[in-house]
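I opened this notebook to keep track of what I looked up in one structure, going from its pockets to its strands, its backbone angles and its charged pairs.

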Amino acid sequence: MSTPTSTSTARSDLPQLKRVRAHSSWEGAMRTRHQVRSFAAFHTAEPAPVGGDDSAPTPMEYVLAALGGCLAVVAETVATERQLGLTALDIDIQATMDTRGFRGTAEVSPHFREVVVRARFGLAVPDALGELQRGVERRCPAFNLVKDAGVPVTLDWTLVQDAS
């Protein structure tokens, strides 16, 4: 069986699998060095009250940042495909966790209990915000990963006048 060389020639009924890799090396004191492809290494750490040195974002803070980045990439992709004229995008995300799960002091899940996404959009076609949101919700891998884990996600998407 031949492998398609581009998505334009790929059959949509066949899986188009992509491998994503990362390498992580523990450095002690709740600090870990991560390497992804050829990019500069980055670190995760924990705040001092948990036993870390607070020298880098926590892994769960990176999860929220990854969610924001994924939402932005998919929003730009959908807006471009549908010619909606994305002119501005600003995303704030907040999550709540029950730290007893991480500490092992209660039988509760250690992951997010809820996630609230506040996104502010500038669109040349303002009436299309709902269409954009539906497309992003359907296609964003990180959003669906969180949602499929059973985490309630609130999306507050609003149109704004951009500064241009």
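**Entry 1: pockets**

I began with the lining of the second largest pocket, which by class has seven nonpolar, three polar and three charged residues. I note at the outset that the model is predicted. For this second largest pocket I read a volume of about 390 Å³, and of the 13 residues that line it, those closest to its centre are Glu46, Thr58, Met60, Met97 and Thr99. The elements giving two or more residues to this lining are H1 and helix H2 (100-103), with H1 contributing the largest share, three residues.

I then turned to the largest pocket, whose volume comes to about 890 Å³. It is lined by 17 residues, and Lys18, Arg19, Val20, Arg37 and Pro141 are the closest to its centre. I sorted the lining of the largest pocket by class and found 10 nonpolar, two polar and five charged residues. Which helix gives the largest share of this lining? I found that helix H1 (residues 59-81) does, with four residues.

**Entry 2: the sheet of E1, E2 and E3**

Next I followed the strands, and noted an open sheet of three strands in the order E1-E2-E3, with antiparallel pairing. E1 and E3 are the edge strands, each pairing on one side only. Direction ignored, neighbouring strands of this sheet are turned by 30° against each other on average.

Taking the pairs in turn, I saw that strand E1 (residues 23-28) and strand E2 (residues 31-35) run antiparallel and are joined by five bridges. Within this pair, histidine 23 stands opposite glutamine 35 in E2, and tryptophan 26 stands opposite threonine 32 in E2. E2 also pairs with strand E3 (residues 42-44), in the antiparallel sense and over three bridges, and here I found arginine 33 opposite histidine 43 in E3.

**Entry 3: positive phi in the turns**

I kept in mind that most residues other than glycine have a negative phi. Against that background I checked the two hairpins. The hairpin of E1 and E2 has two residues between the strands, and in it alanine 29 takes a positive phi near 50°. Methionine 30, in the loop between E1 and E2, likewise has a positive phi, near 60°, without being a glycine.

The hairpin of E2 and E3 has six residues between its strands, and arginine 37 lies in the loop between them. Arginine 37 is not a glycine, yet its phi is positive, about 45°. I classed arginine 37 as exposed because its relative accessibility is 68%, and I noted again that Arg37 is among the residues closest to the centre of the largest pocket.

**Entry 4: salt bridges**

Aspartate 13 counts as exposed, because its relative accessibility is 52% and the cut-off is over 50%.

A second pair is aspartate 98 with arginine 113, whose closest N and O atoms are 3.8 Å apart. This pair links distant parts of the chain, with aspartate 98 in the loop between strand E4 (86-97) and H2, and arginine 113 in strand E5 (residues 112-123), 15 residues apart. I asked where the two partners fall in accessibility: aspartate 98 is buried, at 13% relative accessible area, whereas arginine 113 is partly exposed, at 47%. I also found that Asp98, Arg100 and Arg113 are linked in a network of salt bridges.

Key. Residues are numbered from 1 along each chain as its sequence is written. This is a predicted model: local features need pLDDT of at least 70, side-chain atom pairs count only at pLDDT 80 or more; totals for chains, interfaces and linings use all residues. Side-chain values use heavy atoms; hydrogens and water are left out. Two strands pair if DSSP finds at least two bridges between them. Axes are lines fitted to C-alpha atoms, for helices over the stretch in contact, and angles run from 0 to 180 degrees between N-to-C directions. On a 1 Å grid over the protein atoms alone, a cavity is a set of points where a 1.4 Å probe fits but cannot get out, and a pocket is an open set with protein on both sides within 12 Å along at least five of seven lines; lining residues have an atom within 4 Å of a point. Grid points are joined across faces, edges and corners, and a volume is the space filled by probe spheres set on the points. Ala, Val, Leu, Ile, Met, Phe, Trp, Tyr, Cys and Pro count as nonpolar, Asp, Glu, Lys and Arg as charged, and the others, Gly among them, as polar. Buried means under 20% relative accessible area, exposed over 50%, partly exposed in between (1.4 Å probe, protein chains only). A salt bridge is a side-chain nitrogen of Lys or Arg within 4 Å of a carboxyl oxygen of Asp or Glu.
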